[in-house]
Amino acid sequence: MILMSLSDLLEKHKSTLVERWFHLLADSYPPDTAKFIKAQKDPFHNPMGDAARKGLEALYNGLIQGIDRETAISFLDPIIRIRAIQQFSPAQALSFIFELKSLIREHFQKELSSVALHEEVVSIERRVDDLCMLGFDIYMKCRETVYQLQNEEVRNRTFKVLKRSGLLKDIDDPAETIQANIPHAPAGKG
């Protein structure tokens with residue numbers, strides 16, 4: 001019996017594993033949403049599902065063949081961005097990446113008992129960990145943008161209320177006015 005490499009096994013079972021990985025991702029959403037994501041194959045009616053399918057397949061291929069940072073980010077970003085905007089916690093947003101390890105171990109349980117594949121398993125799992133780290137960076141940048149937008153919205157609403165109440169005069173930049181109206185502490189002796 002000839003033992004196949006893990007890369008060969010992953011390539012041979014790619015369609016099954018990518019589909020199962022996609023289902024794990026979809027199942028992290030509420031049941032009705034998960035059902036829609038899995039069932040609706042039309043990219044115009046389900047752009048998130050389409051981006052996820054394509055992204056997961058490209059990331060899976062990258063795990064086997066290698067993938068550069070920018071390419072990995074380009075496929076992770078649409079998936080993570082949606083999850084960050086939808087208020088997923090970091091763990092919830094990234095759990096689908098870690099689940100690939102379990103999926104591979106479960107699918108190839110018999111084959112992975114071979115000591116000869118140990119180094120390949122470690123290498124693949126390290127690549128999965130690297131994807132997760134990239135995903136975390138993406139998630140944090142997205143959440144930071146969301147917080148900035150929310151802060152700007154609150155500032156703009158506050159400015160409008162103050163202006164309507166007559167507490168502020170007409171000005172061009174609300175940020176300058178708010179900063180100008182903040183009392184400054186007297187300069188201390190150095």
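User: How many helices and how many strands does the secondary structure of the chain come to?
Analyst: This is a predicted model, where local features need pLDDT of at least 70, side-chain atom pairs count only at pLDDT 80 or more, and totals for chains, interfaces and linings use all residues. Residues are numbered from 1 along each chain as its sequence is written, and side-chain values use heavy atoms, with hydrogens and water left out. Helices (H or I, at least four residues) and strands (E, at least two) are DSSP runs, numbered from the N terminus. Along the sequence the pattern reads α-α-α-α-α-α-α-α, and the count is eight helices and zero strands.

User: What share of the 190 residues in the chain is buried?
Analyst: Buried means under 20% relative accessible area, exposed over 50%, and partly exposed in between (1.4 Å probe, protein chains only). Of the 190 residues in the chain, the buried share is 34%.

User: Where does α5 bend, and by how much?
Analyst: The bend at a residue is the angle between axes fitted to the seven residues ending there and the seven starting there. A proline, Pro-78, follows the bend within four residues. The bend is at Asp-77, by about 40°.

User: Which helices do the buried residues of α5 pack against?
Analyst: The buried residues of α5 include Leu-76, Ile-79, Ile-80 and Arg-83. An α-helix has 3.6 residues a turn, so residues three or four places apart point the same way. The buried residues of α5 pack against α2, α4 (47-65), α6 and α7 (118-164).

User: Which residue just after α5 takes a positive phi?
Analyst: The phi in question is about 65°. The residue is Gln-87.

User: Is the ring pair of Trp-21 and Phe-96 stacked, tilted or edge-to-face?
Analyst: Rings of Phe, Tyr and Trp (its six-membered ring) pair if their centres lie within 6.5 Å; planes under 30 degrees apart count as stacked, over 60 as edge-to-face and the rest as tilted. The structure holds two aromatic pairs. Here the centres are 6.3 Å apart and the planes are at 35°, so the pair is tilted.

User: What kind of aromatic pair do Tyr-29 and Phe-88 form?
Analyst: Their centres are 5.2 Å apart, with 65° between the planes. Tyr-29 is buried at 7%, and Phe-88 is buried at 11%. The pair is edge-to-face.

User: Which ring does the charged end of Arg-53 sit over?
Analyst: A charge sits over a ring if NZ of Lys or CZ of Arg is within 6 Å of the ring centre and within 35 degrees of the ring normal. The charged end of Arg-53 is 3.9 Å from the ring centre. The ring is that of Phe-22.

User: Which residues is Arg-105 in contact with, leaving aside its neighbours within four places in sequence?
Analyst: Contact means heavy atoms within 4.5 Å. Arg-105 is in helix α6 (residues 90-107) and is partly exposed, at 43%. Its contacts are Leu-112, Val-121 and Glu-125.
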